[in-house]
Amino acid sequence: TLDRSSAASDVYKRQVYIRMLALFLAAASLALLIRSLNLGRKSQQTSGFHFTINSTVIMTVAALLLYCALLPVAGFYICTAVILLFLNGLYVYKENNKKLKDYSKKELTKYAVIDVVYTGCMVAVLWLVFAKLLGVRLP
């Protein structure tokens with residue numbers, strides 16, 4: 001038989017964790033907002049922020065849109081693993097400023113192994129935190 005009071009207590013504990021996390025994030029956001037207002041300090045000369053739309057931004061936005069579209073079909077874990085593999089590979093490629101043909105087979109293998117290990121660890125941590133610790137049912 002299912003002990004309803006124990007199940008209700010578990011749900012309540014999980015909700016408390018989520019609310020505490022939300023309050024922490026809200027407080028951190030508020031602190032960053034106040035800090036960004038630069039109250040009472042001498043203003044610093046900044047050159048400004050220039051946003052450039054390049055191929056990396058376009059591919060990232062396209063990947064995120066595809067992720068959102070495929071999430072209900074393929075599920076959270078598969079979609080998350082695929083997007084992490086893609087974006088990690090994209091950012092490593094762009095960060096090194098090399099063409100794909102300039103990479104040696106050893107470099108490509110090294111980056112691929114790092115990418116797969118990172119993705120596996122990240123998906124495992126997400127599963128552990130959300131599915132097991134917080135009891136959230138992911139799509």
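This is a predicted model: local features need pLDDT of at least 70, side-chain atom pairs count only at pLDDT 80 or more; totals for chains, interfaces and linings use all residues.
**Overall layout**

I started with the secondary structure. I found four helices and zero strands in the protein, and reading along the sequence gave me α-α-α-α. Next I looked up burial: of the 139 residues, 14% are buried. I also checked how far apart in sequence the contacting residues sit. Among contacts with a separation of 6 or more, 64% join residues 24 or more positions apart.

**The core**

Which residues form the largest nonpolar core? I got nine of them: Ala63, Tyr67, Leu71, Phe76, Cys79, Ile83, Leu87, Leu90 and Leu126. I then asked which helices supply at least two residues each. Those are H2, covering 55–74, and H3, covering 76–96. H3 gives the most, with five residues.

Leaving out residues up to four places away in sequence, Phe76 touches Tyr67, Leu71, Leu126, Leu138 and Pro139.

**H3 against H4**

Then I turned to the pair H3 and H4. Their axes come within 9 Å and cross at roughly 140 degrees. Over 145 degrees would count as roughly antiparallel, so I have to call H3 and H4 oblique to each other. I noted the crossing as right-handed.

Who meets whom here? From H3 I wrote down Phe76, Tyr77, Thr80, Ala81, Leu84, Leu85, Asn88, Gly89, Val92 and Asn96. On the H4 side I have Tyr111, Asp115, Val116, Tyr118, Thr119, Met122, Val123, Leu126, Trp127 and Ala131. I sorted the residues of this contact by type and got 14 nonpolar, five polar and one charged.

**Thr119**

Is Thr119 buried or exposed? The relative accessibility is 4%, and the cut-off for buried is under 20%, so Thr119 counts as buried.

What does Thr119 touch, not counting residues up to four places away in sequence? I found Ala81, Leu84, Leu85 and Asn88.

Technical notes. Residues are numbered from 1 along each chain as its sequence is written. Side-chain values use heavy atoms; hydrogens and water are left out. A nonpolar core is a set of buried Ala, Val, Leu, Ile, Met, Phe, Trp, Tyr and Cys residues joined through side-chain atoms within 4.5 Å. Buried means under 20% relative accessible area, exposed over 50%, partly exposed in between (1.4 Å probe, protein chains only). Contact means heavy atoms within 4.5 Å. Axes are lines fitted to C-alpha atoms, for helices over the stretch in contact, and angles run from 0 to 180 degrees between N-to-C directions. Angles under 35 degrees count as roughly parallel, over 145 as roughly antiparallel, 65 to 115 as roughly perpendicular and the rest as oblique. A crossing is left-handed if the near helix is turned anticlockwise from the far one by less than a right angle, and right-handed if clockwise. Ala, Val, Leu, Ile, Met, Phe, Trp, Tyr, Cys and Pro count as nonpolar, Asp, Glu, Lys and Arg as charged, and the others, Gly among them, as polar.
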